[in-house]
Amino acid sequence: MSDAATLRTPTPPPTPTSTATPWTISTEPVDSPDARALLREYYTEVADRYFTLHEDRLSTPQEIDEGVAEYPAADLAPPHGVLLVARRGGETAGCAGVRLLDARTAELKQMFVRPAARGLGGGGALLIAAEAAAARLGAERIRLDTRLDLTEAIALYRRHGFVEIAPYHDDIYAEIFFEKRL
């Protein structure tokens with residue numbers, strides 16, 4: 001399957017908080033309007049959560065602009081990376097980036113599901129698609145880092161078989177590191 005193909009992921013069985021609306025996940029250029037909007041929302045949420053916790057304030061538009069500009073978009077483009085965009089019922093609902101760190105190791109970046117779509121299976125669908133994308137890139141394992149205050153993300157990664165590992169870089173915002181063999 002090519003990177004440009006749409007990946008269909010299994011729809012979880014209906015629960016009291018979800019319907020059987022399918023998720024579709026496809027690769028998309030990081031500079032597409034949907035991708036730019038999702039990445040900005042992702043960065044705004046993680047920045048706001050950080051500033052609320054540590055400085056009792058929300059981020060400023062300038063801080064968001066600077067933070068978005070710091071993310072290297074080229075890392076999420078072929079041939080060494082990909083950005084996945086999730087849609088539910090045709091509506092853009094989330095994203096996840098995958099990039100190669102080396103020939104055998106991929107890294108999950110900017111995993112995000114819009115708040116209105118959370119709890120409906122999108123995070124799991126994105127993780128499955130990210131693992132498949134990493135394998136297509138030749139990776140044997142996928143790693144990620146996150147912060148301890150992002151408890152929902154940590155729980156999701158653990159549910160999907162990611163195990164905690166020693167730090168593999170020294171970013172000041174990374175507090176916990178995970179890996180999964182593919």
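Trainee: Which elements each supply at least two residues of the lining of the second largest pocket?
Mentor: α1 and β5 do. Helices here are DSSP runs of H or I with at least four residues, and strands are runs of E with at least two. The model is predicted: local features need pLDDT of at least 70, side-chain atom pairs pLDDT 80 or more, while totals for chains, interfaces and linings use all residues. Residues are numbered from 1 along each chain, and side-chain values use heavy atoms, without hydrogens and water.

Trainee: Where does the largest share of that lining come from?
Mentor: From α1, with 6 residues. For the largest pocket, too, α1 gives the largest share, 8 residues. A pocket is an open set of points on a 1 Å grid where a 1.4 Å probe fits, with protein on both sides within 12 Å along at least five of seven lines; lining residues have an atom within 4 Å of a point.

Trainee: And which residues are closest to the centre of the largest one, and what is its volume?
Mentor: The volume, the space filled by probe spheres set on the points, is about 1400 Å³. Y42, V46, M111, T146 and L150 are the closest, out of 49 lining residues.

Trainee: Changing topic, how does β4 pair with β5?
Mentor: β4 and β5 (residues 105-113) are antiparallel, with 7 bridges; pairing requires at least two. G97 faces K109 of β5, and 2 residues separate the strands of this hairpin.

Trainee: What about β3 and β4?
Mentor: β3 (residues 81-88) runs antiparallel to β4 (residues 91-102), with 8 bridges joining them. G81 is opposite R99 in β4. This hairpin also has 2 residues between its strands, and G89 in the turn has a positive phi of about 60 degrees.
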